[in-house]
Amino acid sequence: MKDVHKTISEFLLAQTTLTAKVDNRIWVGSEPPSSYKPTGATDRKAYKPRDDGPAIVFKVRGGGLDYEDAVLSPSVQFKIYGRTAINADVVYRVLCDVLHGGHDDEILNGELEMLGQLLYEPDTDWPYIMTAFRVMIRNS
Amino acid sequence: MATPSVTSIVKTGAVLWVAPSGESKPDETSVAYGGDWGGNWERVGYTKEPLKMKYDSEEAEVEVEEELAAVKRYRNKEGVTLETVLAELTAEYLQLAASNQDTVDETAAGGSQKPYEETGLGGEAILTEKAWGFEGLYVDSSGNEEPIRVFVHKGTAMINGELEFSQKTDDYVGIPIQIKALSDTTQSAGQRLVLMQRVTGEASS
């Protein structure tokens, strides 16, 4: 079976309008790596504020295969972090532009499943936008 | 037909085009996916429901006393319809769906004059025949975007249901349109209703 996370990651990293915002800070998972800080939070080792810029984390939250196992249709959850809520929203809208209706030789189609919702991480108070897409992938 | 290929699995919407009957088809090589079809082809605007194509075939069967099942079957009637719902409520699209019964008169803005458009329905028996087509997307194994085009050489349109004006539903007004193909006797047998083209890759040089 095709690696869904790798396929989506490669697709997103090939979208220059998106990487112009997040560089290569696109990770698989529920949260960004522990070293990541989207705000001016102090780096405990360097004792200076850090702003790593906006980032995207995503993971499959459900979905399935078609009748012939030829097409994967995962439902994928995305969390878009930014220094501010507005900053995260800008990146969210770029993600929508590239993934909703997006396609390449492996992705048949991306479709926005859930409009973005502004939320805050309970532990860090980081703002992020949560959204979800249905992504149809050729299972080859 | 050969080994199953996931590349041939297609997921796409479709854009409707219309032209006067007899219009030349867009060139498969020079007119890229999403490009203007040129000539007198005009792109139809937003639609609010998927475009659906249906081929109907009525068949007659030859039965003989000595056999339980039919021994021969042949087609004695056929038809093709395209259906969608136009999302833009304008006089032009109302006329398009009604097979152009009336002209659309447009009055420009002026002093003490608001711009407006005006058109009518009723009392016209002749249906205007037009050429129709739609285009979807095929992505080949190299990731190239290529067109899938379906042409109805000649057909007429009809308003295919109710235009619903409601403040209380969560939907908006649309114009249901059905296009019914006519047999184009200038085409070869087997192609008189519809021609489908799928561009499968790039030119070799």
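Mentor: Start with contact: two residues are in contact if their C-beta atoms, placed from the backbone, lie within 7 Å. The model is predicted, so local features need pLDDT of at least 70 and side-chain atom pairs 80 or more, while totals for chains, interfaces and linings use all residues. Residues count from 1 along each chain as written, with chains lettered from A and ligands numbered from 1 in written order.

Trainee: What confidence does the predictor give chain B?

Mentor: The mean pLDDT (the predictor's confidence in each residue, from 0 to 100) of chain B is 96. In chain B, 100% of residues reach 70 or more. For the complex, the predictor gives an ipTM of 0.81 and a pTM of 0.90.

Trainee: Which elements make up chain A?

Mentor: Chain A has 3 helices and 7 strands. These are DSSP runs numbered from the N terminus: helices are H or I, at least four residues, and strands are E, at least two. The order along chain A is α-α-β-β-β-β-β-α-β-β.

Trainee: What makes chain A as compact as a globular protein of its length?

Mentor: Set its radius of gyration against the globule rule. The radius is taken over C-alpha atoms, and the rule is 2.2 Å times the number of residues to the power 0.38. For 140 residues the rule gives 14 Å; chain A has 16 Å, which is close, so the description holds. Its C-alpha atoms fill a box of roughly 55 × 30 × 25 Å along the principal axes. Of the contacts in chain A between residues at least 6 apart in sequence, 59% join residues at least 24 apart.

Trainee: Which residues of helix 3 of chain A are buried?

Mentor: A:Ala88, A:Val91, A:Tyr92, A:Val94, A:Leu95 and A:Leu99. Buried means 20 or more other C-beta atoms within 10 Å of its own, exposed 12 or fewer, partly exposed in between. These residues cover an arc of only 165° around the axis, so they sit on the same side of helix 3. The arc is that of the directions from the helix axis to the C-beta atoms. Their cover includes helix 2 (16–22), strand 4, strand 5, strand 6 and strand 7 of chain A.

Trainee: Why is A:Asp69 called exposed?

Mentor: A:Asp69 has 11 C-beta neighbours inside 10 Å, so it counts as exposed. A:Asp69 is in the loop between strand 4 (55–65) and strand 5 (71–81) of chain A. Its phi is positive, about 60°, although it is not a glycine. Most residues other than glycine have a negative phi.

Trainee: What makes B:Asn100 partly exposed?

Mentor: B:Asn100 has 19 other C-beta atoms within 10 Å, so it is partly exposed. B:Asn100 also has a positive phi, near 50°. It lies in the loop between helix 1 (91–97) and strand 5 (105–107) of chain B.

Trainee: How many residues of chain A are in contact with chain B?

Mentor: 11 residues of chain A are in contact with 7 residues of chain B. Strand 6 (107–120) and strand 7 (127–138) of chain A each supply at least two residues of chain A's side.
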